[in-house]
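Here is a short report on one protein model. Keep the sequence and the 3D view open as you read.

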Amino acid sequence: MNVHDSERMLGVLRQAGYARVDDPLKADLIVFNTCGIREKAEQKFYSLLGRTKTMKRDNPGLKVAVAGCIAQQQGAGVKERAPYVDYVIGPQNIDRVGDALLGRKGIFTGDNPELAQKDLPAERDGYVKAWVNVMYGCNNFCSYCIVPYTRGRERSRPADNILSEIKGLAAEGFKEITLLGQNVNSYRGELSFPELLRFINDIEGIERIRFVTSHPKDLEEGLIMAMRDLEKVCEHIHLPIQSGSDRVLKHMNRKYTFDEYLRKTEWLRKAIPDIAITTDIIAGFPGETGDDHKATVSALKEIGFDGIYAFKYSIRPMTRAAEMDGHLPDEVKSERLLEILSLQDQITGARNKALQDTIQEVLVEGPSESDPEKMTGRTRTNKIVNILPSHHVVSGMLLKVRILKGQRHSLEGVAINGL
Ligand code: SF4
C-alpha cells in the first residue's frame, strides 16, 4: 500500500512539474513515505530524516516532506522533533502533495473522504505489474494495528474508476494487476468484489489478477468461486492468521477461531487444489503463553503455508494492545520468532521441492537481483522463479518453465517456450 502511495505521489508531483532524481543531493524536494507498523521502521526513518538537516544547510531551497503513517500518527510531533521539516502529509492526503508545494507549509492529516473518489496519476516502476487501489482504510481495529487510526475508515473506490484505470494500464502493456485494500472482502462499490473480479477478467491484455489482503473472517464462498472460475485470477491467497491460539486471537480482536480459519483453508484447497496460501504471524503478542506459542507452531505444521511473514510483536501507540498486561521480554519474542521462522523454512522448502519437474506458467519481470544473467518471474502461485539464461526470454513474457530446483525461497527453472 505504501509503495503504491509513493507511486501516486510521484505521479502528482510529475503533474506539478517535478521530475525524479536518483541523487538526494540534486533534489529540490525530498519526500519520506514512512511506515509506522513496527517500531524499528520508525527508528530507521528518524535517523535518515536527521541527515536532511545538514543537506538543508548546504541547499537552503531544499524542501522536506514527511508522508505516510508516522506523519499521520505524530502530526505536529514530527515538526517538534524535526523543525526543519516543511510538510507533514498523512496517507489520506497524498493528493495534497502537489498543493502543499505551492508554498503553503503545513500539516495535512485531516480526514479526506474524497480521496476514494479521485483518480490520481501514478508513476509506476516497470511495465509488467501494477498495483491498483480498490479501497482505502479499515474498520476492523485489530488490537495491535494502527492502520484504522492512520488510514481512516473503510472507503471503496467506484468500480467504474477502477475499471477505467485497469483498461488504461492494459493499453500501456501491463500484464498483471494487484488489487489493493486492507480487507478486499469488505469492498462495497456498485459491484461486489467477486463481481469486480469478473469485469476485470474480461479486460483484454490483462493476463493475471491478484489481490491483497483478505481478512479470514470475511472470506466467503463468492470469492472462492470467483477464484476457481475466472482464468486470470491467480491461484494464491494471502490470508493472515496472526496466531494459532484462540485466546490470543480473541485478544487481537480478529473475530475468528483457529478451527474457523482451518476450515476456510480446507475449503480453498478443495475448490482450487493448486492454490498457494501465505500468511502473517505475530510472535510474542502481550500475554502469549508458552502454550499459545505452541498452538501457533502446530497451526503452521497442520496448514503447511507456502510462505509466511512473521514479526515480533511491536508496541504501537494508540492501539489497545499497547495498554494490555503481559508484555513479553524481547528475548522471549525473539526466541519464539526464530522457532516459527526456522520451522516455516523447512515447510516452504519442502513445498517448493515438490514442484521440481513440474511445468509452471511464469510471467517474466526482469533480470534477477542476485544473478543478472538470469531472468526472474513468478508463478501463478506467486513463487519466484529464476530462469536459466536463454536469449528469447524478455520482461513481460508469459512462459512455460520446467522447474529444475525447488529451494527455500525460490525456484529455478528452464524456459520451454512462450505460452
Ligand atoms: S484488518 Fe488489517 S489493517 Fe485492519 S486493523 Fe486488522 S490488521 Fe490492521
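Ala16 counts as partly exposed because its relative accessibility is 47%. Buried means under 20% relative accessible area, exposed over 50%, and partly exposed in between (1.4 Å probe, protein chains only). Ala16 sits in the loop between helix H1 (2-15) and strand E1 (29-34). Helices (H or I, at least four residues) and strands (E, at least two) are DSSP runs, numbered from the N terminus. Ala16 and Thr376 are 360 residues apart in sequence, and their C-alpha atoms are 35 Å apart in space.

Gly137 is buried, with a relative accessible area of 2%. Its loop runs between strand E6 (135-136) and helix H6 (147-150). Ser368 is also buried, at 5% relative accessible area. Ser368 lies in the loop between strand E13 (359-367) and strand E14 (375-379).

## How the model is read

This is a predicted model: local features need pLDDT of at least 70, side-chain atom pairs count only at pLDDT 80 or more, and totals for chains, interfaces and linings use all residues. Residues are numbered from 1 along each chain as its sequence is written, and side-chain values use heavy atoms, with hydrogens and water left out.

## Salt bridges

Side chains of opposite charge can pair when their charged atoms come close. The structure holds 31 salt bridges. Each is a side-chain nitrogen of Lys or Arg within 4 Å of a carboxyl oxygen of Asp or Glu.

Glu235 forms one with Arg380, where the closest N and O atoms are 2.8 Å apart. This pair links distant parts of the chain, 145 residues apart. Glu235 and Arg380 are both buried. They also belong to a network of salt bridges that includes Glu176, Arg208, Arg210 and Glu361.

Which residues does Glu412 pair with? One is Lys374, with the closest N and O atoms 3.0 Å apart. Glu412 is in strand E17 (residues 411-418), while Lys374 is in the loop between E13 and E14, 38 residues apart. Glu412 counts as buried because its relative accessibility is 13%. Lys374 is buried too, at 15%. Another partner of Glu412 is Lys405, with the closest N and O atoms 3.8 Å apart. Lys405 counts as partly exposed, at 41% relative accessibility.
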